[in-house]
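Okay, thanks everyone, let me put this one up on the screen. I'll walk through a few strands and then a helix.

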Amino acid sequence: MNHIAPPAIPFLDLAAQQARLGPALRARIDAVLAHGQYILGPEVTELENRLAAFCGAAHCVSVSSGTDALQIAMMAEGIGRGDAVFLPAFTYTATAEVPLLLGATPVFVDVDPATYQIDPASLQARIDQIKQQGALRPRAVIGVDLFGQPAPWAALRAIAAAEGLFTLDDCAQAFGAELAGRRLGAEADCTATSFFPSKPLGGYGDGGALFTESPERAALYRSLRTHGEGTTRYEVLRIGMNGRLDTLQAAILLSKLDVFEAELSIRDRIAGIYDAHLAGIVTIPARVAASQSAWAIYAILLPEPAARDHVQAALRAQNIASAVYYPRPLHLQPAYAGAHDNTALPVSEQLATRIMALPIHPDLSDAQAARIAACVADAVSAYAAR
Ligand SMILES: *Cc1c(COP(=O)(O)O)cnc(C)c1O
């Protein structure tokens with residue numbers, strides 16, 4: 001018998017994207033090779049201007065990664081020892097590692113069971129708890145726009161205003177997303193994003209950016225990304241870091257920015273196909289009100305952990321990639337054991353055991369999305385009938 005395996009569907013297909021970008025990408029790279037200004041060359045400024053215009057922020061400062069963006073944002077506020085930084089437990093480790101690196105204490109907050117975004121009620125409870133204990137000073141809240149959807153910014157701003165907290169938007173997964181008709185970039189005192197290759201606007205290497213409405217903050221970010229320099233190169237005003245975005249990476253991102261809106265709408269169409277095939281079969285992503293997702297991740301929720309294992313195995317057997325974001329909430333990770341106060345965060349703990357992500361990217365065809373959804377649906381009914 002002649003068994004032909006179905007073609008593999010990868011989680012991400014950057015080779016197809018590169019082919020689609022074509023000679024425009026090469027021309028951008030060649031221009032940098034020709035002028036040779038590899039550090040803070042003209043493409044860096046061009047990219048910053050275009051990114052700020054794209055999301056409607058007053059200032060954009062590009063940096064070396066999303067993690068460095070978070071670090072520079074917190075260094076600029078002088079966040080450190082004795083400070084409590086509130087952030088969701090259900091996120092990538094970078095969100096929590098930066099406050100710890102600066103000597104501050106991450107305080108993990110639970111997430112909303114429907115949207116998986118940071119839960120304002122849990123945030124208020126954790127702030128009250130920290131104030132009552134009296135050992136740490138509530139200082140900042142990091143809202144993560146998880147999976148491409150906006151965090152509940154109106155509620156976070158209201159709590160932050162009442163408590164005197166700095167607001168930082170970890171928008172690594174959601175550049176291009178919209179809330180109440182405007183792109184993310186000015187919801188918080190500072191917005192940090194990432195151009196890691198798998199993010200909605202991904203480069204071909206590491207990169208990130210900071211957005212702010214404050215000219216003072218923007219100037220601080222520029223100083224901090226270049227070793228704390230002042231108005232001349234050899235005037236050192238503060239301790240900074242080497243946190244610049246490479247000119248070559250800026251050139252690549254400029255080429256990708258040309259097709260970004262089109263890519264966002266393809267991601268949204270793929271999400272619609274998944275929704276149509278999977279509603280009522282698994283828990284499909286609940287939409288944050290008045291928002292448009294950037295669809296970094298399309299996550300489904302299975303009824304129990306064994307069902308997830310079963311569905312992932314069925315996809316694997318069909319050569320279809322899937323992933324789990326996140327298999328463990330941060331407060332239960334060994335690295336954060338010493339920083340966490342043992343408060344249970346039940347929604348995050350439950351989600352980690354039952355959530356999984358399906359491929360979603362601009363080079364996935366509608367037919368491939370339908371094939372993936374059919375495979376998930378078949379696996380769910382096979383699991384129910386076992
Ligand atoms: C990817 C990511 C980061 C870190 O971005 P890098 O560019 O990889 O440093 C931070 N926070 C979240 C939520 C992320 O998904």
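Start with Leu179: its bridge partner in β7 is Arg182. Strand β6, residues 178-179, runs antiparallel to β7, and 2 bridges join them. Strands here are DSSP E runs of at least two residues, helices are H or I runs of at least four, and both are numbered from the N terminus. Two strands pair if DSSP finds at least two bridges between them.

Quick caveat: this is a predicted model, where local features need pLDDT of at least 70, side-chain atom pairs count only at pLDDT 80 or more, and totals for chains, interfaces and linings use all residues. Residues are numbered from 1 along each chain as its sequence is written, and side-chain values use heavy atoms, leaving out hydrogens and water.

Back to the sheet: it's open, 3 strands in the order β7-β6-β10, with antiparallel pairing. β7 (182-183) and β10 (291-292) sit at the edges with a single partner strand each, so one side of each has no neighbour in the sheet.

Now, β9, residues 208-212. 5 of its 5 residues are buried, so the strand is largely enclosed by the rest of the structure. Buried means under 20% relative accessible area, exposed is over 50%, and partly exposed is in between, with a 1.4 Å probe and protein chains only. Gly208, Leu210 and Thr212 point one way, Ala209 and Phe211 the other. β1 (59-63) runs antiparallel to β9 through 5 bridges, with Ser62 opposite Ala209. β8 (190-194) is also antiparallel to β9, with 4 bridges, and Ala192 stands opposite Leu210.

Last, helix α11, residues 346-354: Ser348, Leu351, Ala352 and Arg354 are buried.
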